[in-house]
Amino acid sequence: MGETLLSIQGLSKAFGDCRVLDAVDIDVASGEFLTLLGPSGCGKTTLLRLIAGLEAPSAGSITLADEDLVRIPAERRPVNTVFQSYALFPHLTVFDNVAFGPHLHGVRGDELRQAVAEALATVGLAEFANRKPAQLSGGQQQRVAIARAVVNKPRVLLLDEPLSALDYKLRKRMQVELKQLQRRLGITFIFVTHDQEEALSMSDRVAVMNEGRIEQLDTPRRIYEEPASVFVARFVGETNLLPATVKGRDEGGLLLEVEGIELKVRPPRFDPDDKVHVMLRPEDLDVWSREELERHPELKARAIAARVEEVIYKGSTVDLLVRLSGGDRVAASAFFDEEDPTLDYKRDEEVFVTWPKDWEVLLPWDSGGAGAG
Amino acid sequence: MSRLWRGGYLGLIYLFFYLPIAILIVFSFNDSKYRLTWQGFSWRWYEALFSNEELLQVALNSVTLAFISATLATLMGTLAAVVLYRYRFFGKRLLHGLLYIVIMSPDIVMGISLLILFVSLNMPLGFWTLLLAHVTFCLPFVVVTVYGRLSGFDESMVEAARDLGAGEWLTFRKILLPLLMPAVIAGWLLSFTLSMDDVIISFFVTGPEFEILPLKIYSMVRVGVKPEVNALCTLMFGLTLILILIAHLLLKEKKA
């Protein structure tokens, strides 16, 4: 990762009494693909608009390569935006749309034609230069919007949910294309989305936002495997959250009571009698029949008795909804492999749930976070 | 059967709309002074009209007034609509509401209130008071027409223009104005026709040295409809028709 290009410190934004953004700090590295992920109303689009200069912050600073951006009006900031609605100019041709930015910056004649042709070639629309936006498909309009932004060679490209209007297949393709484009151009991307899959698959780092604050800023892998809070765990991926209580601690870690079994866990960051959530991804859970458990006596002490409620065949996996003896319901995904080539579960079958030692993640108690995700 | 019925119904509507105008046009070519019976085709009323220097001067007055007031109202109204659309400021909603009051208020109220205003300001009644009055009642129609088109715009288009480096003026000139052109032209034409045929408000604020056509016709008709008036009205109708055709062609060209 390169050095810090964009630095955001204590950035806040309020509309009247409504605090949309609350003291946000982010450092974005040069050439990084950063995604702002969160539910609608979490402040991610506002953060993007503050960087673009389309809104003025209530407090805090935005600096780009040691230059204070807040004092520079939007039209002179070295950043460009790809809008959710594309915002193409309907009365101009594709060529004139893309030429709009460079022309305003004094590029003329052959130089202009070449810059526009290059940008259109980058997004694979070279032969569409003379069309009007209305004569293009949604995916093509999307590409024009990207070409219109990157032709200005911005230091940072801001993308506000640019793929949300496309259908599933096209969205998948554009995700790959955007990622490749970013690598090829070496421009820093800040990408806003509410689609966690999109965030995980495209980004170098993801900032998960909730109610105007950043809950966690980390690599996709760590966001998924080691979420910092119940909110992040629930928002990113399928999640099982089991309520648990800390019974005691010793030098080796914590002694935990969860679903009627006692468990020794590593991280010593909680105190006795604390309530916590134990987070487990569906693919982390193993589901055993009684006979299978008999063959693995070492698992007996850790196994939670349960009953199968639903079996969902998905092709590459079989997803189970399982009711634990304590009353909580969890989701488990089982893969076909040499250990269990059949995955033959029946509804109402008595089973036992375990997970590999130390694969659980302990999260601070969050009253809104009980139950399966 | 139902097609026939529908066609007949449509025919009746067209008849209802255009029969009076058709009769007016036909009688402007009637070779008869008083009787409402067809006496043969003749250009004589047009000849009489074009040799009536006084009437021609009045017609020219009206066209001049309509042209200037439509142009002023269009300039001011377009800017006002853009301001109402683009900016947040104190009293914006009140201003927006007041526009509709100007549109809705009876002509007679407006005529009298303008007369009182001009008299209390010691303004001599004539061209300038007429112009002010016409701009006043045309303005809200332009604002409403242009604002209607603006409110259908994608707001991020304006933001995209800024993002790409265009300041306020360039955004207006390169993005908003070209897209607004059909509405601006429509607003101008609407103003022009409103100004051309206004009788009531003009009646209150006009002066003796600047006569305009609607009032002149009104005073001529009081002593009986002269065929000359038919000819004059036919010409006015023709002018309106041509203007509408021009506007229509312009708008069509923009689309392609």
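These legends walk you through several close-up views of a predicted model. In this model, local features need pLDDT of at least 70 and side-chain atom pairs count only at pLDDT 80 or more, while totals for chains, interfaces and linings use all residues. Residues are numbered from 1 along each chain as its sequence is written, chains are lettered from A and ligands numbered from 1 in the order in which they are written, and side-chain values use heavy atoms, with hydrogens and water left out.

**View 1. The two domains of chain A.** Chain A is assigned domain 1 (4-234) and domain 2 (238-372); such bounds come from an automatic or database domain assignment. Between the C-alpha centres of domain 1 and domain 2 of chain A there are 39 Å.

**View 2. A four-stranded open sheet in chain A.** Follow the order β2-β1-β4-β5 (chain A), where the pairing is antiparallel. Strands are DSSP runs (E, at least two residues) and helices are too (H or I, at least four), numbered from the N terminus; two strands pair if DSSP finds at least two bridges between them. At the edges stand β2 (18-29) and β5 (67-68) of chain A, each with a single partner strand, so one side of each has no neighbour in the sheet. Strand β1 (residues 4-15) of chain A is joined to β2(A) by eight bridges, and A14(A) has R19(A) in β2(A) as its bridge partner. In strand β4 (residues 59-64) of chain A you will find L64(A), which is buried (under 20% relative accessible area, with a 1.4 Å probe and protein chains only), at 2%.

**View 3. A five-stranded open sheet in chain A.** Here the order is β15-β19-β16-β17-β18 (chain A), again with antiparallel pairing. The edge strands are β15 (286-288) and β18 (329-335) of chain A; each has a single partner strand, so one side of each is left without a neighbour in the sheet. Four bridges link strand β16 (residues 304-313) of chain A with strand β19 (residues 350-354) of chain A. Look for A306(A), whose bridge partner in β19(A) is V351(A).

**View 4. Y18(B) on its helix.** Y18(B) belongs to helix α1 (residues 2-28) of chain B. Y18(B) is partly exposed, with a relative accessible area of 43%; partly exposed lies between buried, under 20%, and exposed, over 50%.
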